[in-house]
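Visitor: I have the sequence and the structure open. Could you walk me through a few points?

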Amino acid sequence: MATLSPTLASGDLTSGRLPKFTVPVAIVASLALGYVLASVLGGGNLALATLLAFVIYLVGIEIAARIVEGARQASDHRARNLIVGAFVLALVPLGSVSWEAISKGLARFDATYFSNSMRNVVGEGGGAAHAIYGTLWVTGMASLISVPIGLMTAIYLAEYGGRNRLSKAITFFVDVMTGVPSIVAGLFAYALMSLVFGPGTKNGFSGAIALSVLMIPVVVRSCEELLRLVPNELREASYALGVPKWVTIVRVVIPTAVSGLVSGIILAVARVIGETAPLLIAAGFTASVNNNLFANPMMTLPVFVYDSYAHPGTDIQAYTDRAWAGALTLILIVMVLNLVGRLIARRFAPKTGR
Amino acid sequence: MTDTPTGQQDTAVGGPAQPVAGLTGRRRPGEAVFRGVATGAGILILLILMLVAGFLVFQGSPALFADPAKLASQGYGEFAAWVLPYAFGTVWAAVLALALAVPVAIGIALFISHYAPRRLAQPLGYVIDLLAAVPSVVFGLWGSLVLAPAVFPLYKWLNENMGWFPLFSGRYSGTGRTILTAAIVLATMVLPIVTSLCREVFLQAPRLHEEAALALGATRWEMIKMAVLPFARPGIIAAVMLGLGRALGETMAVTMVLSGTRNITFLLLTSENPNTIAATIAQNFPEASGLKTSQLIAAGLVLFLITLVVNMIARWIVARRAEYSGAN
Amino acid sequence: MKIKPFAAAALVTATALAFAGCASNETSAAGSTSASGGSQTLTGVGSSAQKAAQEKWVATFQTANPAITVNYSPDGSGAGRTQFIAGAANFAGSDRPLKDEEMGAGTFAGCAADSSALNLPVYISPIAVIFNVDGVKDLTFDTDTIAGIFSGKITKWNDAAIAKTNPGVTLPDANITAVHRGDDSGTTNNFTDTLNKTSPTVWTQPAADTFPADFGGEAASGTSGVIQAVSGGSNTIGYADASAAKDLGKASILVNGKALQPTAEAAASILDHSKTVAGRDANDLAYTLDRTSEGVYPAVLVSYAIVCQTYKDAAVGALVRDYLGYIASADGQSAAATAAGSAPLSTALQAKVKTAVASIK
């Protein structure tokens, strides 16, 4: 090719590149330097050493790239390093939380923990059975309230509302509702139940109402989004066959979106199951199993964790161990719910052709 | 309640298709019931929210209108002066948390969308999303029992060696439970929300623009600067606002981690940190009665208003962006 | 509607789980508490300071009476009083007795119309000044020094005022981080009352549930928050229930030249030196604490059970009588002393409380 300018000869395209071994060598070198520096400066603090190593690595690669490859490539390197660094940095708290929860939670993660309540237990022993059942009851009830309301609202917004004033208002206020601080929801449920059933009423149902206030907007948002993804051709085909609109929604639109709807709902459940503050105020506190949503306080797992942390008896270790085991249980429940939601979503992922 | 044909024509392009009313027969009882239930559900939500707001105003009003002298003797003192430091603490902690979280979140989102190998990207996204699902009480436990003791030496070092920097000055706290620690915990909690929203936006950046930039010889970072970030800016801002909303309302983690008092200060490492509204309510509600309860609930109203404003701004930005992308 | 079967299935699973699940440590009688069977529930709300003791009392009482469930919810004294007045709690645990203006027939929804309330001391605990200072195991303070530290006037551990009462102790040249309760609490009230009574020149603020914000210092939420802040931090000092402060250093307080540790004996004697509030029913045992007497550890928390003289529901009255009768007994008090580290009521006081409890209808 005659038009190829001599400066762009094939050698030049690859020339001025750092050799491939630069990165691993630089990592090892900067880590070593960082640790040496840290032990001189700050008494061998591990976090400080890693931070120093990262800075040294950044500066080193920057200088090397600038000399060998030029300014543009150097800034590309810098951006890449910062982005990867951000990712690693974010893994630190996640790793730390998981590690602490697992290592400290396993101390009491035993059969007694899941089969016993705290009734008549002082100090060691006992378990969180009452709290686990309570969490299932309260969250189940909250879902029973929120799912129909949320789903029907989503249907209204996606299928009926169009862009009329009511649907605009609903969309806006659903957004507002996502911003309701959880403790305010708890205060609301407590005051409402006090008004209806007499002062100081604390029971599982009250907790379920508080959770519903938090859960409904999440359900509406995700369900609306998913209903809008259903292709219009399906609706049109159904109408063309003379099927009424509501039957179309029930038999065509919802089945098409069902996997996404289910996973959206499960994610919403996962979002509220760990709420502490509203349940502390609304559902109350007990040491015994209570399977009646409508009478007497009901213990829930987050409240159990908080209470074990905040009001330990004299044998503090036993209470802290139970708190961590409760935290681990809570994380596991939420993780399983998340996984189930995602599996369902993936399983039915192709939304057309059904 | 009844469909008018003109009304259906008016619905936006791209909205769901509507059956022709005359053909489907508008008097079917099933249709009317179903539509009624759907509309009713929507109205119910509005009612619930009105109830929440109405209850806040009703229960909080004694504190808002009471005689300041009475508030001083039976409550926590004059309302505006009392709530201001907490409102400041709420916003300050949330802003700090976002200042820490947003750069990291954008980094992670870019890593997942543009840097990580495709096979790695999805599980990585899942791992980050898991953080969003970890209950706040767990973060509280972690923050107070693990993080605070761990960062204390760093704080001491920062205070002694970088005390000339205004934010790091003052007398360092001996416990590490400062507003900076609370902000780190909050940042960890909002990180996944901001990350997943940013990632979505980054993935939506027009592929053609990206490929064009790369074809012109841009490095990957230049491509991101030219083709991805300008496109994503409104989305990033909306994500930040949503994260802010979450950080403002967080209760349990802050309660367990922060040593908060009623104080307005920008210092990050001292013992006297401004407390947040949500944590103040959670801490004092059990012991409160009478006017104090009203005052705490009125503080809840203030928090509600702050989050409302933040949400409205986010909504407005998102709406503006929708207009722009529609014009493109 | 494929969604409904799924939700229903989930609910059924949850229900089945919950019904299958009576905790194995609960008898069948206890398991059916919630169902409106023959079993009874007694609800107490109040002081978190009493929590450990109540836990032990509840456990022993329930073991002896398997058909009864007692829920003691440690929401706080204020919540306890409010809910008792509203009739939502059968009894309240409170770190202070009801004031005169809060008493009176007809003000309590759960009590009979002509009945007022009774304040009965059930739980006495010394408040320890706890510290975590590098290389220091024992410290002694006079109350002026304590007031100086917590009001922010003394800021270094090697301050002359501290050194004076601690000869031979190597004090570090380090900042003092003084930790106080950030939430309102009876512990703060009793602690600030102590400082106000014993060194009024330094501690110029009156006793209050809220720690005075002007004095600064580091706030922590709840007793456990204070304990963790003090033990997790370095060169820290705080105040908390002595029973919760297990492994931490507890300072001695100089009273008239005598160093007193926060022991049960030193604390319990305070009620023998104090007088009941005048003008009340003979069975009402609300005390005004005298913190300046000889040989008495001044920082003491006395927590009360607040009950009706006559309950609207006689069955509830009988339950409360039985439960409080156990609490006030020698057995109940010594059980709390071992489980919660509280100071048992003196024998004379036990007798008084017992008489008062027997009068509950």
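This is a predicted model: local features need pLDDT of at least 70, side-chain atom pairs count only at pLDDT 80 or more; totals for chains, interfaces and linings use all residues.

Visitor: Which residue is the bridge partner of C:Arg181 in strand 7 of chain C?
Guide: Strand 6 of chain C pairs with strand 7 (residues 218-220) of chain C. The pairing is parallel and has three bridges. The partner of C:Arg181 there is C:Ala220.

Visitor: Which residue in strand 8 of chain C stands opposite C:Thr177?
Guide: Strand 8 (residues 236-241) of chain C runs parallel to strand 6 of chain C. Three bridges join the two. Opposite C:Thr177 stands C:Thr236.

Visitor: Is strand 6 of chain C mostly covered or uncovered?
Guide: Strand 6 of chain C spans residues 177-181. Five of its five residues are buried, so 20 or more other C-beta atoms lie within 10 Å of the C-beta of each. Strand 6 of chain C is mostly covered.

Visitor: How far apart are the C-alpha centres of domain 1 and domain 2 of chain C?
Guide: Domain 1 of chain C takes 8-123 + 304-358, and domain 2 takes 126-268. In their contact, 16 residues of domain 1 of chain C meet 12 residues of domain 2 of chain C. The C-alpha centres lie apart by 32 Å.

Visitor: Which helix of chain B gives the largest share of the side that touches chain A?
Guide: The contact takes 74 residues from chain B and 77 residues from chain A. On the chain B side, 18 residues come from one helix, the largest share. That is helix 3 (residues 29-65) of chain B.

Key
Residues are numbered from 1 along each chain as its sequence is written. Chains are lettered from A and ligands numbered from 1 in the order in which they are written. Two residues are in contact if their C-beta atoms, placed from the backbone, lie within 7 Å. Helices (H or I, at least four residues) and strands (E, at least two) are DSSP runs, numbered from the N terminus. Domain bounds come from an automatic or database domain assignment. A residue is buried if 20 or more other C-beta atoms lie within 10 Å of its own, exposed if 12 or fewer, and partly exposed in between; C-beta atoms are placed from the backbone. Two strands pair if DSSP finds at least two bridges between them.
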